[in-house]
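Welcome, and please open your viewer.

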Amino acid sequence: MHVILGANGIIGEGLAKELRTNYTDKIKLVGRNPKKVNIDDILCKGDLLKFEDVHKALVNCKIAYLTVGLPYKSGVWLRDWPKIMQNVIAGCIDNNCKLVYFDNTYAYPQDIKIQKENTPLKSEGKKGIAKKMAAEALLLAMKEKQINAVICRAPEFYGPGKTKGVTNMLIFEKLKMSKKPKVFLKDTVLRTLIYTPDASKAMALIGNTSEAYGQTWHLPCDDNRLTYKGLMEEISKQLGRTIKYDILNSFTLKIASFFNSNAKETQELLPRYLIDNIFDSSKFKHKFPDFIVTSYQKGITNIIKDYKIK
């Protein structure tokens with residue numbers, strides 16, 4: 001039995017599809033209100049903040065995948081991430097199952113250095129601190145041989161369906177609504193984005209590769225990175241018309257933070273949008289050379305088609 005803890009997000013859904021296609025026909029989806037992805041999925045209502053629910057969900061589990069997403073609020077992250085990780089680690093230990101943890105880069109320093117698997121977790125932002133606490137708890141359990149686990153880390157998302165992320169929200173969703181796209185701070189710095197279907201597929205691959213355990217892996221991204229200016233040029237090319245967009249400066253974003261909760265919660269990430277963001281996934285590519293990474297051009301094509309952008 002493969003169990004996805006927090007299965008309703010875009011990564012969990014993609015993971016369920018990939019597991020069913022290539023790895024197993026026994027999948028349990030766990031969440032407050034889980035919904036089937038595959039026709040034969042097993043649904044299990046549970047709250048990851050309650051150890052009893054986690055333990056029950058992992059009975060007879062071979063591999064657990066933690067893909068839960070929390071409300072985008074610093075206070076919630078600081079309160080809940082350590083507790084969820086504690087419960088999941090304990091549940092996996094009690095049920096003798098492996099753990100595949102889907103993590104992000106919030107805990108990394110917001111500087112220009114290339115992000116690698118051994119990049120120290122030194123974020124000063126509240127969300128980064130929350131993710132650092134969760135990751136370090138798991139790393140300690142791995143080091144002490146309490147659990148057989150692996151960490152899969154990804155940068156900012158972009159992709160079709162209900163993909164959430166700054167790029168989708170401010171560019172593709174705006175275009176879908178026939179509104180003017182927006183960009184944070186600068187359009188001339190390089191961005192590393194991960195195509196969400198690639199993230200799910202790569203996570204499934206790592207989770208079903210025994211020698212991958214006991215490590216941290218950066219999930220694969222296209223190395224031909226684009227600036228937001230380049231991204232907008234590619235969108236314009238594919239749509240056959242020039243897409244004009246606004247660049248939101250720090251003053252505008254600060255003012256917005258007083259009136260919009262999402263803008264307020266995004267403030268701690270803004271330094272990343274002033275510098276090149278280079279997320280290195282070469283370790284994965286060397287280990288899995290046959291994995292086909294979606295190019296930004298192809299990813300944009302797929303999103304435009306999925307969102308029915310004209």
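This is a predicted model: local features need pLDDT of at least 70, side-chain atom pairs count only at pLDDT 80 or more; totals for chains, interfaces and linings use all residues.

Residues are numbered from 1 along each chain as its sequence is written, and side-chain values use heavy atoms, with hydrogens and water left out.

**Stop 1: the whole chain.** Show everything as a cartoon. You will find eleven helices and 13 strands (DSSP runs numbered from the N terminus: helices are H or I with at least four residues, strands are E with at least two). Of the 310 residues, 54% count as buried (buried is under 20% relative accessible area, exposed over 50%, partly exposed in between, with a 1.4 Å probe and protein chains only).

**Stop 2: a pair within one helix.** Select Lys132 and Glu136, whose side chains meet in a salt bridge at 3.1 Å, N to O (a side-chain nitrogen of Lys or Arg within 4 Å of a carboxyl oxygen of Asp or Glu). Both sit in helix α4 (residues 126-143), and being four residues apart puts about one helical turn between them. Glu136 is partly exposed at 37% relative accessibility, and Lys132 is partly exposed at 24%.

**Stop 3: pairs across the sequence.** Next, select Asp246 and Lys182, a salt bridge of 3.6 Å, N to O. This pair links distant parts of the chain: Asp246 is in strand β13 (residues 246-248) and Lys182 in strand β8 (residues 182-184), 64 residues apart. Then pick Asp223 and Lys285, bridged at 3.0 Å, N to O. Asp223 lies in the loop between β11 (216-218) and β12 (226-227) and Lys285 in helix α10 (residues 282-287), so the pair ties together parts 62 residues apart in sequence.

Stop 4: Move to Glu234 in helix α7 (residues 228-239). Which side chain of opposite charge is nearest to Glu234? That is Lys237, 4.7 Å away; Glu234 is buried yet has no salt bridge (Lys and Arg count as positive, Asp and Glu as negative; His and the chain ends are not counted).

**Stop 5: a nonpolar patch.** Finally, show the surface and select Phe251, Ile255, Phe258 and Phe259, which make a nonpolar patch of about 530 Å² (patch residues have over 30% relative accessible area and no salt bridge; like charges are joined within 9 Å, nonpolar side chains, Val, Leu, Ile, Met, Phe, Trp and Tyr, within 5 Å; areas come from the Shrake-Rupley method with a 1.4 Å probe, and for residues only the protein chains shown count as cover). Phe251 belongs to helix α8 (residues 250-257) and counts as exposed at 60% relative accessibility.
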